[in-house]
Amino acid sequence: MTTRLKAPKVKLPAEYEAEAKQKRSGMDRRRFLNYSGWVGVLGSLAVGLLGFMRFLFPRVLFEPPNEFKAGSPADYAVGAVDTRWVISQRVWIIREEQGFYALLAICTHLGCTPKWLGSEDKFKCPCHGSGFRRSGVNFEGPAPRPLERLKIVLAEDGQLLIDKGKIFRQEKGEWTRPEAYLSL
Ligand code: FES
């Protein structure tokens, strides 16, 4: 069994004791200042790094593309208002004997989605009752103007290509523009 020897407590004279105490508190203060300096430096580095990350990954709104391919012209029956793209794209494609046009399925009153009523040969808005002929022209309810037509062309691969970024308004005489109607 080992016995530990305790170091005898040395009682310093009062003036040495005061000096030692002062030195200890000076060291504590220096250590504290040292730590806070490092915390400051690391904090600034972190803020700088965050700023750099924001620069690398800016806030960008990813919007769905305006264009979409709508299949082959042969997929559309002559005389039909095709509703297959209403849910995903809010677009009707109308096939006539001579060609195609695309209507944007957004009511020109307050933006609801009208429904195609085949039996009545019209589009009817469920919100406030506006009605539009199959051409897109408004004829009842509060809608102030016709539905908008969209650019429709043939893509290189022969499919219909609709561009929702390019609209044609009847009241501006734009429905007669070449890309507002795809002639076959
Ligand atoms: S939003 Fe269509 S009639 Fe009002």
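**Cysteines and aromatic rings**

Visitor: What is the relative accessible area of Cys112?
Guide: Buried means under 20% relative accessible area, exposed means over 50%, and partly exposed lies in between, using a 1.4 Å probe and protein chains only. Cys112 counts as partly exposed because its relative accessible area is 21%.

Visitor: What should I know about the model itself?
Guide: This is a predicted model, where local features need pLDDT of at least 70, side-chain atom pairs count only at pLDDT 80 or more, and totals for chains, interfaces and linings use all residues. Residues are numbered from 1 along each chain as its sequence is written, and side-chain values use heavy atoms, leaving out hydrogens and water.

Visitor: Which residue does a disulfide join to Cys112?
Guide: A disulfide is a pair of cysteine sulfur atoms within 2.5 Å, and the structure holds one. Its S to S distance is 1.9 Å, and the partner of Cys112 is Cys127.

Visitor: How many residues apart are Cys112 and Cys127?
Guide: Strands are DSSP runs of E with at least two residues, helices are runs of H or I with at least four, and both are numbered from the N terminus. The disulfide of Cys112 and Cys127 is left-handed, with -95° about the S-S bond. This pair links distant parts of the chain: Cys112 lies in the loop between strand S4 (99–104) and strand S5 (115–117), Cys127 in the loop between strand S6 (122–124) and strand S7 (131–133), and they are apart by 15 residues.

Visitor: Is Cys125 buried or exposed?
Guide: Cys127 is partly exposed, at 36%. Cys107 is buried, because its relative accessibility is 4%. With 4% relative accessibility, Cys125 also counts as buried.

Visitor: Which residues form one aromatic cluster with Trp92?
Guide: Rings of Phe, Tyr and Trp (its six-membered ring) pair if their centres lie within 6.5 Å; planes under 30 degrees apart are stacked, over 60 edge-to-face, and the rest tilted. The count is five aromatic pairs. In the cluster with Trp92 are Trp116 and Phe123.

Visitor: How far from the centre of the Trp175 ring is the charged end of Arg149?
Guide: A charge sits over a ring if NZ of Lys or CZ of Arg is within 6 Å of the ring centre and within 35 degrees of the ring normal. Arg149 has its charged end over the ring of Tyr101, 3.8 Å from the centre. For the ring of Trp175, the distance is 3.9 Å.
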